[in-house]
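Please find below a colleague's note on the structure shown here. It is written as numbered points for a reader new to the subject.

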Amino acid sequence: MLSAVAARKARLKSTPANSAPVTPAPSPAPTAAAPRGETGGTISESRTTPAKPSSGKRKASSSNTPKSTVKKARHSKSKETTRYFLERKVLESDSESDASIIVDGEDSEPGITGSADALSRPPVAPPRRAYSPSRPVEDSSDEEVVPPPSTELHSSGSPSSVPLTLTSFEPLFNENVFELTLQECKSCGLPGEPAVALVLSPSDTLSFIGTARICVLRGSVSLFGTTLHASSASCTVFAPKSSPVPVLEVSGDQGESSRDAFRQLPERLLGSLKMEGAVIVLQELWTGVEGLGRIVRTFDGFFTPSTDDGLEDLFISGVHVVRTSSRDVQPFQLPSSWKLALDEVDATAPVLASSPPAFFVKGPKNSGKSSFSRTLANRLLSRYRRVAYLDCDLGQSEFTPGGMVALTVLEEPIFGPPFTHPTIPYQAHYIGSSSPRTSPSHYLDSIEALLYVYRLDIQLNTVFDMDADMDAPSTSVHRIANAIPLVVNTMGWSKGLGADLTRKIEQLVTPTSVFALEFPHIPHGSTTLDSDGSPAHVLHAVPPPEHALRQTAADHRALALMSYFHAIFPRDARPGFTVQRWDTRLPLCFVPPYEIEVPAAVSRVIYTGVGAEDVVPDEAALVLNGALVALVRTDDDVGPTGADGLDDDSPCPLPYEQGAPPPDPTLSACLSLALVRAVSPTSRRIHLLTPRPVSAAHTLVKGELEIPIWGMLDHTTSSLDILPGAEHGNAPYLRWGSARADGVVGGEKRRVRRNLMRKGQM
Amino acid sequence: MRLPQRTPWASLQELDQLCSWVYADPADSSAKSLAVQRLSAWRVITALPHALESLSSLLVAVLEDESRSPSTPALSLRQSYAAAIIRLINGFVDPLQVGVYARSIASIAAQLGLPSWLVELRHAATHEDLPSLELLRDAARESLDWLLHNYFLPLLNPASAQSHIPAPLRPLAPLLAQYKHLAKVVSRDTSLTSRYQPDIDRTLRDIERWIAEAAVAAHSTDDVERTAFSLDRLTDELLHRGALVPLSRKKRVIPSGQVLLPAPLLAIWAPLLTHIQTHHASFGTALVTRAIARLLSSSSEDGQEKGSEHERASYDLCVAGWVMWLVGADAALREEAFVRLAGGLRPGQEDEDRSFRTAHALLAALSTSDHRLVSASNAIIVVGKDPQSATPAWEDRHMAVMEARLQSVLGNDAEAGESGTQIQEEARKMFDGRLPRGWRLVGSESAWKPCPIGVYLPA
């Protein structure tokens with residue numbers, strides 16, 4: 001009798017060996033691990049290959065696994081990853097043929113689903129593993145004598161058991177790692193923080209979590225799918241564990257320009273230089289962004305290694321080298337289809353005079369739209385001085401907190417997840433909800449207004465200072481300044497009304513290229529014509545790493561919003577400014593607010609969202625208390641009417657009109673977000689918290705979005721139930737403890753489930 | 001760490017006021033319309049609890065009814081009553097569909113204590129003829145009543161409210177016995193598989209349904225907690241003698257002294273366990289945790305079944321066998337099991353108490369094939385053997401170290417206290433004099449001090 005472990009081992013051992021007898025003809029032979037460079041594409045492809053069970057039983061148990069498995073999931077993850085582990089070998093041998101492999105698996109499936117041996121098959125296998133041609137069908141005759149004990153309950157093969165090598169660079173102090181002096185930093189044009197220069201040989205890769213400033217002194221390296229050439233510019237990289245971590249690779253792409261552009265290297269380094277390879281500087285970067293993890297606790301410690309990640313430091317703090325991928329750390333990988341599409345964008349001749357290109361990115365949720373759009377924008381920034389980014393994703397915006405559509409003009413590439421680069425948009429409109437579901441036409445109008453602004457002001461650069469457009473002389477690559485391309489990222493709601501809205505946006509944008517991220521049901525990697533006839537690049541969807549699913553979309557929204565409220569915007573910050581520092585020392589409830597005289601500073605209060613038209617004027621002040629509001633500039637109002645300094649006690653109704661529509665997007669702009677932390681009893685004064693006090697915004701718009709619960713708590717206490725000036729576990733608008741325990745029924749908001757199985761579904 | 005819930009009301013007094021507007025005088029229309037206005041405002045503040053959402057729609061219908069002139073068509077009134085009642089029941093029942101398979105609305109409503117005729121009315125209003133105005137009025141009244149007793153009173157006055165008595169869970173043992181019987185038959189003669197498979201499927205579905213029912217019975221609003229509760233009940237049942245551990249001592253383990261389960265036993269139970277695992281990801285962990293708790297508890301399984309030491313040892317061995325099987329090759333689960341087990345075993349206990357022998361054997365078995373765990377388990381054993389060597393002697397200088405640490409912690413606190421004014425100064429510097437008209441930054445000299453969001457302190 002075999003033990004569970006032994007049985008499993010035996011089976012794994014036999015796995016690669018006897019594929020031939022049971023596989024149908026077209027199956028490619030498994031090969032040894034593919035060369036490193038290619039794993040990027042192949043792994044993600046194999047991950048997205050869905051299980052396509054065809055027998056009734058398999059279908060029920062694998063595809064109907066309830067949602068809770070995703071949410072709770074340490075063990076459920078093994079389902080996907082085992083499949084990936086088993087299939088990778090096959091896919092690696094020929095990544096082009098994975099479509100045929102799926103078919104292959106389906107075809108051969110009936111062969112092993114005969115009911116006679118249904119029980120002799122280990123019952124574990126069906127729900128977890130897609131059929132892999134290289135795996136022996138387990139119906140050998142000896143197993144029929146003794147009904148085989150199922151080998152294990154939990155299949156292994158979590159990512160940690162098949163780790164990818166992410167860092168091959170071996171840091172050796174004073175051989176390929178040099179500490180830079182303050183003087184040397186200055187001569188490289190860097191600020192004074194501790195820094196190290198790394199001499200990378202062509203085969204070296206380097207992956208890390210943490211925050212750092214990166215500057216390429218010589219050669220070029222690729223980072224998040226973008227190539228950085230030697231130049232005077234340094235960039236900031238944010239690599240939390242909650243999103244795929246960067247893998248720095250020496251890029252073979254060393255044009256003539258970059259070769260002679262390398263800068264004055266510190267002399268000490270010259271000895272260890274080789275002809276190929278690259279020299280980069282990693283510098284400590286202290287922004288305070290780590291503190292956000294203490295506020296939104298689902299992200300706690302996301303910039304620091306946990307003990308079992310096996311990370312090492314790299315002579316400067318805040319940067320932890322990741323040797324191999326693990327359960328909590330997954331690398332950013334550029335799928336081959338993305339690479340092809342991006343290379344094609346690079347290869348297209350730049351349009352100088354006429355209208356610059358517009359790129360449209362669409363796809364279902366969690367398919368990697370944001371990552372692709374970001375990479376695309378970064379790539380474009382190596383050819384264009386500026387890139388415009390139109391974000392139509394209300395739920396997870398790239399540069400602003402959620403709930404608004406924004407047009408942002410970028411000048412520097414961005415490396416990191418959205419919450420690490422809140423940026424002042426060129427123009428934005430507040431929708432007030434994480435989905436356009438409740439106000440689709442206002443949403444479309446807002447996007448149309450932004451596109452109008454883009455065409456009028458930005459497209460051919462009629463607003464930005466041309467003098468400042470001269471690239472620094474040390475950068476030899478000339479970037480186009482008089483045309484600004486547009487990248488449009490859309491929302492993930494890709495069914496029903498959502499699909500309809502996306503199609504309408506596409507018509508408004510009239511893109512020159514469309515990138516459609518799709519989970520591979522159809523042949524991919526090819527350029528097809530979509531319904532409107534514009535060429536669409538169909539790209540592989542890349543779902544976020546399994547561990548990232550622990551954080552929900554709501555968690556990410558909360559993080560983005562808290563990032564915004566704790567960000568430090570300088571007074572003279574202009575559109576395009578990206579936040580460099582965060583202050584998380586004080587919870588919001590400790591921060592001294594701004595006091596606003598309503599008659600002097602507020603001309604309108606507008607509530608939008610489902611049911612907002614039912615708020616009567618008497619209740620308007622109640623609604624405003626604790627609300628998250630947008631500060632909106634409107635061109636059509638006359639400004640606040642009242643003068644300040646009137647009698648303090650006289651009641652003063654809010655300038656609220658029941659059922660008023662949201663501000664017209666063609667005549668307004670959302671300038672900032674604020675939290676109304678209190679309203680005075682007479683509603684003459686309100687206390688506001690905002691990182692950007694903006695003049696000219698006299699309209700307050702409250703939508704459906706709320707301040708996340710994290711923003712109402714004091715994160716500096718460990719238990720979170722103590723607030724200043726309130727009893728323990730007792731504060732306005734908050735309720736601790738479970739209502740159900742007291743026998744209260746219906747104390748929570750209604751929830752819906754769409755994955756319930758009915759009788760006979762099994 | 002438990003997060004609070006966001007509520008639309010600042011304090012329970014506000015909810016109390018709303019309750020009195022609705023229920024104090026049933027004939028007072030103006031009070032009811034005040035309540036509707038308040039509820040509309042609350043809905044914009046944050047998502048309403050379902051009870052209040054239902055209350056709002058019921059009140060709107062009732063108000064419409066009270067102000068209706070006889071000439072207007074009653075159809076719209078009937079529709080608004082019907083919609084209110086349909087949504088009320090759906091909203092209460094749907095969140096409790098916690099299982100994989102849908103349960104009947106009537107059975108969940110019964111567990112909640114919703115009157116069954118309301119459920120029938122829901123069905124009629126949805127799929128059949130729209131009920132009469134009279135019936136709908138009665139239903140609305142009954143619903144309002146039900147909300148008072150099941151939402152407002154327990155929330156406003158937790159102590160005095162009648163405690164909600166959950167319907168007792170139906171026993172699981174017969175289902176398990178039925179499953180065992182079927183699985184045994186099939187495992188002995190595989191040719192019977194196709195004949196018995198429908199029965200087995202039905203039993204599996206029944207067990208799944210039981211899990212869903214148990215989850216509803218849990219006193220929690222949190223799905224994760226609910227599932228945990230029901231899985232704990234389930235694992236308890238599974239660990240009773242006669243389920244995962246057969247009654248017959250001979251069938252329990254392979255008499256090799258090793259932690260291995262006999263094949264027939266595995267063949268019977270493995271399909272069930274894997275089935276549950278596919279639907280409930282946390283099941284494996286829950287079962288391992290419970291099983292280890294069993295091993296570590298010094299008393300016998302349950303009171304009346306106090307057996308001999310042999311009986312106990314054999315039971316333990318079988319449970320340990322299941323733990324080994326469950327962890328399989330899952331490194332994370334293995335580690336967790338190891339930590340739980342190691343945590344429960346006091347160093348040196350082995351010598352004192354022979355009843356933990358199995359636990360120690362399991363610890364050793366778990367740590368094979370993982371060098372980190374091996375070293376950890378060695379450490380435990382070594383510490384157990386020689387407690388003196390592991391505990392360093394107390395010295396006075398340790399006190400000094402602790403003192404220094406305390407100082408540094410307190411020092412940090414002082415810094416944090418300062419930062420408040422510091423930030424204020426920074427902000428002042430940044431925006432002073434440039435603030436929009438009508439704006440001013442509340443300064444440190446003002447009376448304002450930190451307070452929860454939503455509290456107005458004049459500055």
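1. The model is predicted. Its chain A comprises 762 residues, of which 52% are buried. The secondary structure of chain A amounts to 20 helices and 25 strands.

2. Chain B contains 19 helices and two strands. Of its 459 residues, 37% are buried. Where contacts in chain B link residues at least 6 apart in sequence, 63% of them join residues at least 24 apart.

3. Chain B is assigned two stretches as domains: domain 1 covers 12-156 and domain 2 covers 173-390. How many residues of each domain are in contact with the other? Eight residues of domain 1 of chain B touch 12 residues of domain 2 of chain B. On the domain 1 side, the touching residues are five nonpolar, two polar and one charged.

4. B:Ser71 lies in a loop of chain B, between α3 (50-66) and α4 (75-93). Is B:Ser71 buried or exposed? B:Ser71 is exposed, because 5 other C-beta atoms lie within 10 Å, and a residue with 12 or fewer counts as exposed. Between the C-alpha atoms of B:Ser71 and B:Leu175 the separation is 59 Å, and these residues are 104 residues apart along the chain.

5. Two packed helices are described by the angle between their axes and by the distance between those axes. In chain B, helix α13 (residues 309-327) and helix α16 (residues 357-367) pack at about 20°, and their axes are 9 Å apart. Angles under 35 degrees count as roughly parallel, and α13(B) and α16(B) are therefore roughly parallel to each other. The crossing in which α13(B) passes α16(B) is right-handed. From α13(B) the contact includes B:Ala313, B:Leu317 and B:Met324, and from α16(B) it includes B:Thr358, B:Ala361 and B:Leu366. The residues of this contact are 10 nonpolar, one polar and one charged.

6. Helix α13(B) also packs with helix α12 (residues 283-296) of chain B, at an angle of about 155° and with the axes 10 Å apart. Angles over 145 degrees count as roughly antiparallel, so α12(B) is roughly antiparallel to α13(B). The crossing of α12(B) past α13(B) is left-handed. Among the residues of α12(B) that meet α13(B) are B:Gly284, B:Leu287 and B:Arg294, while those of α13(B) include B:Val319, B:Trp322 and B:Leu326. This contact has 11 nonpolar residues, one polar and two charged. B:Asp316, B:Ala320, B:Val323 and B:Val327 of α13(B) are among the residues that meet α16(B), and these residues are also among those that meet α12(B).

7. Helix α8 (residues 173-188) and helix α11 (residues 263-279) of chain B pack at about 125°, with their axes 9 Å apart. How are these two helices oriented? Helices α8(B) and α11(B) are oblique to each other, and their crossing is right-handed. The contact is formed by residues of α8(B) including B:Tyr179, B:Lys180 and B:Lys184, together with residues of α11(B) including B:Pro264, B:Ile268 and B:Pro271. Its residues divide into seven nonpolar, one polar and two charged.

Key:
Residues numbered from 1 in each chain as written. Chains lettered and ligands numbered in written order. Predicted model: local features only at pLDDT ≥ 70, side-chain atom pairs only at ≥ 80, totals over all residues. Helix = DSSP H or I, 4+ residues; strand = E, 2+ residues; numbered from the N terminus. Buried ≥ 20, exposed ≤ 12 C-beta atoms within 10 Å, placed from the backbone. Contact = placed C-beta atoms within 7 Å. Axes fitted to C-alpha atoms, helices over the stretch in contact; angles between N-to-C directions. Parallel < 35°, antiparallel > 145°, perpendicular 65-115°, else oblique. Left-handed = near helix turned anticlockwise from the far one by under 90°. Nonpolar A, V, L, I, M, F, W, Y, C, P; charged D, E, K, R; others polar. Domains from an automatic or database assignment.
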